[in-house]
Structures are given as C-alpha cells and as structure tokens.
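Hello,

Here is the structure I promised to pass on to you. Have a look at it first, and then read on for what turned up in it.

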Amino acid sequence: MASGEKETVIVWFRQDLRLSDNPALHYAHQTGANIVPVFILDDDNAQEWKRGGASRVWLHHALKSLSASLSNNLVVKSGSPEDILKNLAQTHKATTIFWNRCYEPWRIKRDTHLKTALEETGINTKRYNGCLLWEPWAIKKKDGTPYKVFTPFYKKGCLNAEQPRAPLPAPNDINFANNLSGHNVEALNLLPEKTWATDVIQHWDISEAGAKKRLYDFLSDGLHNYKEGRNHPSQNNVSRLSPYLHFGMISPNECWYAALEKGSIENWEKDRDHFLSELGWREFSYHLLFHFPHITWDNLNPKFNNFPWSDEPSDELKRWQKGLTGYPIVDAGMRELWQTGYMHNRVRMIVGSFLVKNMMTHWHQGEQWFWDTLFDADLANNSASWQWIAGCGADAAPYFRIFNPILQSQKFDPDGEYIKKYVPELKDLDAKHIHAPWDAPPLILAEAGITLGKEYPEPMMDHSKARDRALEAFQTTKT
Ligand SMILES: Cc1cc2nc3c(=O)[nH]c(=O)nc-3n(C[C@H](O)[C@H](O)[C@H](O)COP(=O)(O)OP(=O)(O)OC[C@H]3O[C@@H](n4cnc5c(N)ncnc54)[C@H](O)[C@@H]3O)c2cc1C
C-alpha cells in the first residue's frame, strides 16, 4: 500500500526479529514514511563467528515468521550490507535507514564503518537500543572503568541507573514501499539436509507469538519458586526464553516489565528479583563483551594462558559431544542439547565443568560445540559463561571449586527424572544408583537391563582422580 510521493525509509532487521517493542521499526513507522523492511545474512563480516548449524535453523523459521507478520514484505538478502543497503536506498529512493544496535565486536566494527559510508552518500542512519536493558557504556564504576564483578555491576550499576525503557507497542497498518522484491527465505539456504533439523524444532514455536506465549506461560507456571526451582532440570521453573531473546523475538524490556508486574501482584518478590537478576547476567555478559571484546577467544584472566588444557579434537571430546561419557547427568545434558537445541543452565554448568576440569579440555572446544548446537548460541553469553566455568573469566567460579557430577546429579535430579528422559537406557535403574551406575551391584544392573560398556558406557574417568589432576594443573596459574 504505497503512494508515489511519500518519503521511503529502510528498517534493517538484525537481532530484533519482532514487531513489538522494536524501537527501529516503531520510530520508522512514526515518520509516516513507506517502509522497506530488510534482513541481510552477513556471513562474510562475521567470519569465524558466523552462525552455527542450530542458529541457522532457528533463523530460517524466525525469518519466515517475521515475514508473515510483515504481510510477506520482508526483503531477504545475503551478502555485503553496505552494497545491499546502498542499492535498496537507491532503488526505493530511501532517505534514512533505521536499525537497532548489535554489540558483537565484528558487528560494531562493521556498523561503525557502514554508518560513515552511508552518510557520505547522503543516507541518514537512526540507531536505537532494542536488545539490552542498559547500554553497555551507560553502566560504569565511579572511577569510569567497567565492572568485572556481577553483583556490584547489577546492584550498584544497573539498579541505580535509569529505569529500562518501557516496551513500545507494535505498529499497526505499516505502509510498505512499492515493488519490493526478494522475499525468499529458502534462498538463504539456512537449513541443513538432515532430519535432525525437523526433529529438533518440534520442541519450539519459532515465532513472535510463540515467544510471548512462552513468557506468559512461564510467568503463570514457572515464576513462582523460580529461585529454587531453576536449579532442577526436571522442573518447569525456567523460561526457555533464551533463543527468543537472542534473536530478538521478544525484548528483554518486555520480559523485565512483565515479570516485575506479575511478581509484584502475586507477592513473589524473591522469585521476581531472582529472575530479573538473571536478565541482569545477560546484561553483564554484553557489558563484558563490549568492554573486553577479546573474551570470545582469549582468557580474560591471562594467568590461565599456560594452563595445560588440551585444545585438540579427541575421542573423549566426541564422547562428551554425543552424551556417552558414562556420567548420566552429563550425558543427559549433552543429549538434551542435541535433541532440543537447548540445555538447562544447571546442566550447562555441570557439562562445562566436566569438560574443562575432568577432561582438561580447553573451554574453546565447549564454546564451539555450543555455538554450533545451541538455538540460543550467543557470543556474549556463551563466551562469558565458558570463561566463568573455566575459571578464567570475570567473577569466575574459582578454579578449585570443581563440580562433582555425581553429587550435583543427586542434589538437583534426585529421582533421576531428567536423566531418564534423555538417557532412556537407564530408565529402569533406581534413584539410588542412577547417578553413578558403575557403583550399582551387578544384580541391580542386570535387573535394569544394563551391562556397562554395552547398553551404557563405563565412566570415562574416575572423578576423584580427575579432580586431583585438575587441581595440580591449577598450580600453573599461580606462577
Ligand atoms: C557453559 C555455558 C554456556 C552458555 N551459553 C549460552 C549461550 O550461548 N546463550 C545464552 O543465552 N545463554 C548461555 N548460557 C547462560 C544460561 O545457561 C542460559 O541463558 C539459560 O540457561 C537460558 O535458559 P532460560 O531462558 O530458560 O533461562 P531463565 O532462567 O529463564 O533466564 C531468563 C533469561 O536470563 C538470561 N540468563 C539466564 N541465566 C543466564 C546466565 N547464567 N548468563 C547470562 N544470561 C542468563 C537468559 O537470556 C535467559 O533466557 C550459558 C551458560 C553456561 C554455563
């Protein structure tokens, strides 16, 4: 529905694949101009951080859904944003490009250059915060330096700063520019030729409506007892909003204000505040990535630079990836990841500690596997979390605090419910033995139909020996 003389502007969708609370779209719409909505797949600038396999699958479905919400007007391109945007601006005589900021180091570099290049050709750019509650540069210590410890970052920094923006409404009756072309999401070739991709998405409704439903279902069924329940992978106390937040199919602002309201009405302050603080951890990861962009690959704490981690692919690594370590809670987590594109946070910590401490494998290997297999693979959260679990990051778990996968399993999955869901070979093993099947008497194993090494693997290593080895290696960080 466009008319000839009206001004035209471009809205460049990036990690904000939504109509609600999308500042770039909102302010573009407010100009009253005709809109060219565009998404550009930019693997060349992303280089080693181009999206992994699972993210590409999610992106495919997210774009299909966004395009449908835009009455199939989304222009979908692959290639150099500079060339594509200049071309689109020329074709549609667009004067201004609206976008929401991204904070990955490669995107900051690209966008800084792009802004100048576009403005030199007379195209204005308007940029907004659509992805974070607080801009990473807005939260600083009194001396002007960035925080490296979460609690003061969140409590002194964020909670004392300006309130996050209240969510903006989705625009209705968008006027699209005439003669838009190139709407074929399939042309991006984001889907692999594997049935895995069809199986794994069945666990999700990859749409903006699906994101909202998940938020409101969580607020009704999961927020109460979140603080404690979030540690138990078989309980329904986490939101599973992370992929939607990563792709911007829902804004953190909407999650923040909805949780604030629900938690306050119901007097669930403790759970409400804990959930808000987890959104705060997401802010903290972005803050770290912005101020210390090398954390994607280099240890934030250089004392770990000589740590004797193995950084090569190995059979042990393959067993970890496939969920065949012989440690049931680790295997359940790795299989949850493969089957659903998601893993519960408690289990991410257990499998992460197992990789970097029990297996003495570099966190890079874990980071890369997660990058390829998580639907919520996020450069800020993934890098900061792997560094945290490896002990070399900001505010990291001290290296000597080594998660015991058996005790963690007994404590957080006492009946083995989560294990049985993802490691069905162990479904007939009782709660006492399911956490360490190698300690079960042969009769019990036989009754459960298990021969170790046959139906289910022998444990990959002895935890206490692995622990001693890791602690010895930790001495290298003290020199
Ligand atoms: C080794 C490791 C790797 C990780 N990699 C990623 C990643 O690539 N992408 C990612 O989004 N998260 C990552 N996390 C953080 C965390 O595990 C997930 O954000 C969380 O499990 C998502 O589930 P949820 O949406 O149900 O969380 P909820 O408990 O419902 O929390 C709500 C939101 O808060 C944020 N959040 C929660 N916990 C954390 C946390 N510890 N750090 C940062 N943000 C948090 C997420 O955006 C999440 O969606 C990683 C954690 C570990 C230990």
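**Around the ligand**

The ligand is surrounded by 27 residues, and the closest of them are Val238, Ser239, Asn345, Asn382 and Ser385. Please keep in mind that this is a predicted model. By type, the shell around the ligand holds eleven nonpolar, nine polar and seven charged residues. Four helices each supply at least two residues of that shell: H10 (242-246), H12 (269-291), H15 (345-358) and H17 (379-390).

**Helices that pack together**

Helix H15 also packs against helix H16 (residues 363-373), at an angle of about 145 degrees and with the axes 9 Å apart. On the H15 side the contact is made by Gly352, Leu355 and Val356, and on the H16 side by Trp363, Gln365 and Gly366. Those residues divide into three nonpolar and three polar, with no charged ones.

A second pair to look at is helix H14 (residues 328-340) with helix H18 (residues 405-412), whose axes come within 8 Å and cross at roughly 75 degrees. Angles from 65 to 115 degrees count as roughly perpendicular, so H14 is roughly perpendicular to H18. Pro328, Ile329 and Val330 of H14 meet Pro405, Gln408 and Ser409 of H18 in this contact. Here the division is four nonpolar, two polar and no charged residues.

**The nonpolar core**

In soluble globular proteins, nonpolar side chains tend to be buried together. The largest nonpolar core in this model has 125 residues, and Ile10 and Val11 touch the most other members. Leaving out residues up to four places away in sequence, Ile10 touches Val36, Val38, Leu85, Leu88, Ala89, Ala94, Ile97 and Phe98.

Is Asp21 buried or exposed? A residue counts as buried if 20 or more other C-beta atoms lie within 10 Å of its own; Asp21 has 22 of them within 10 Å, so Asp21 is buried.

Asn225 sits in the loop between helix H8 (208-221) and helix H9 (226-229). Phi of Asn225 is near 75 degrees, again a positive value in a residue other than glycine. With 15 other C-beta atoms within 10 Å, Asn225 is partly exposed.

Enjoy exploring, and write back whenever you like.

Best wishes

Methods. Residues numbered from 1 in each chain as written. Predicted model: local features only at pLDDT ≥ 70, side-chain atom pairs only at ≥ 80, totals over all residues. Axes fitted to C-alpha atoms, helices over the stretch in contact; angles between N-to-C directions. Parallel < 35°, antiparallel > 145°, perpendicular 65-115°, else oblique. Contact = placed C-beta atoms within 7 Å. Nonpolar A, V, L, I, M, F, W, Y, C, P; charged D, E, K, R; others polar. Core = buried A, V, L, I, M, F, W, Y, C linked by C-beta atoms within 7 Å. Buried ≥ 20, exposed ≤ 12 C-beta atoms within 10 Å, placed from the backbone. Near = placed C-beta within 6 Å.
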